[in-house]
Amino acid sequence: MKTGIDLISFYTSRYFLPLQTLADKRGVDVGKFHVGLGQERMAVPPPDEDVVTMAASAAKPLLDKVDKSSVSLLLFATESGVDQSKAAGLFVHKLLGLPSRCRVVELKEACYSGTAAFRFAAALMEGRPEENALVICSDIARYDLGSPGEPTQGCGAVAAIVNAAPRLLTFDDASGLHAEDVMDFWRPNYRDEALVDGKYSAKMYLNIVALTWTHYVEQTGLDVDDFERICYHLPFTNMARKAQAQLFRAAGIKRPSDAQIDEKVAQTLGYNRLTGNCYTASLYEGFACLLDTCEADLSGKRIGFFSYGSGCMGEFFSGVVQDGYRAHLFADNHKALLDNRLELSYQAYEDIFNLKVPEDGWEYVFAQYRTGPFRFGGVSDHKRHYEEVE
Ligand code: CAA
């Protein structure tokens, strides 16, 4: 029996900034954001929301559908961890009331580590039909105010159950891989905002689409026509269109039309356009969007996945959608979440951006904003405190 994704749930902040507002403030034609990058809004986390609360909020609906005592593995992938030592997953483990007989660890490699988490979880769940792995990708994408990366900011978390009887997607075995030490995007330990060589990062991303595709094809002999849709890591949605054009070229189709490109990627982009980059979660946000919103029946169809983490690590892999998948989606939750967010003014966005978690070790209780079922309540003695919202 093949392992894969059994359930998938997405969560993002209850606040957003329209990119029209940002364009007006920065004196930029909004077409650059709406058309050039393919982004419309960016999700902004309030001060009492972080990668832990987003992760727990994404995961909670899953645990109404599987027996908590069967969760033997929690892999937490993030670029924006909250502690240099302790795994963020341990806070989530407590918030969700998971069993103590559970392996919990945090994984890091920029936006790629979520894919490592999915692949590791699938391998560890093989031959263990009674167990479930909880994989969580949760991130807050931050760049300096006024920098080229600013309009691509965002936040969100994807949580998934991975097991040996998946109701959504079975993973294929092959992986096209590429690892290389490059400085295209990084975040030194003393910074909250990423540093990025934007054009170089996009160039590396595209190079690695071709390299991982070639490696994948060497193992499988599959062609681009064997894929019903392809989900790409989404730093902004137009990156997927560029990536698909690159993959077509690598597959020998020199001048793909816009229609050919859109056929493969368009239905993966809707959520990301409204949230912005969610780093580790972006690729799987695109997959959730595809399953939730694609009108065509994807049962039995092969989906490609391209994962990219700056620094850099890339992987192309695939899976097959399972019959009856539509009965196991959280599409209504996702729609309600995205439809019911509060719009921020530019000043409110900048004020939130400039707030920092106090570093002096005194006791702080944070004001309550709109969050999901969990919030970051404050700090004392350098310890973070999380609480369930009534
Ligand atoms: N109407 C329509 N389109 C317009 C326009 C207008 N008025 N003005 C500009 N555009 C178009 C441009 O032609 C361009 O299109 P193409 O890419 O097709 O050429 C697009 O809008 C963007 O314009 P610029 O290239 O001038 O934008 P920029 O240089 O200011 O910023 C960026 C782009 C470098 C990607 C920047 O957003 C950035 O640094 N982002 C963060 C890094 C990033 O996302 N890298 C992606 C790969 S790395 C990765 O994926 C990991 C990760 O998550 C970070």
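A total of 19 salt bridges is present in the structure, which is a predicted model. Among them is the pair formed by the side chains of E150 and R26. E150 belongs to the loop between β6 (132-141) and β7 (154-163) and R26 to helix α1 (residues 19-26), so this contact ties together parts that are 124 residues apart in sequence.

**The E150–R26 pair**
- In this salt bridge the N to O distance is 2.7 Å.
- E150 is buried, its relative accessible area being 1%.
- R26 is partly exposed, with a relative accessible area of 29%.

**The D144–R191 pair**
- D144 and R191 form a salt bridge whose closest N and O atoms are 3.1 Å apart.
- D144 counts as partly exposed, at 32% relative accessibility.

**The E131–R128 pair**
- A salt bridge connects E131 with R128, and the closest N and O atoms lie 3.0 Å apart.
- E131 is partly exposed, with a relative accessible area of 23%.
- R128 is also partly exposed, and its relative accessible area is 42%.

Definitions and conventions:
Residues are numbered from 1 along each chain as its sequence is written. This is a predicted model: local features need pLDDT of at least 70, side-chain atom pairs count only at pLDDT 80 or more; totals for chains, interfaces and linings use all residues. Side-chain values use heavy atoms; hydrogens and water are left out. A salt bridge is a side-chain nitrogen of Lys or Arg within 4 Å of a carboxyl oxygen of Asp or Glu. Helices (H or I, at least four residues) and strands (E, at least two) are DSSP runs, numbered from the N terminus. Buried means under 20% relative accessible area, exposed over 50%, partly exposed in between (1.4 Å probe, protein chains only).
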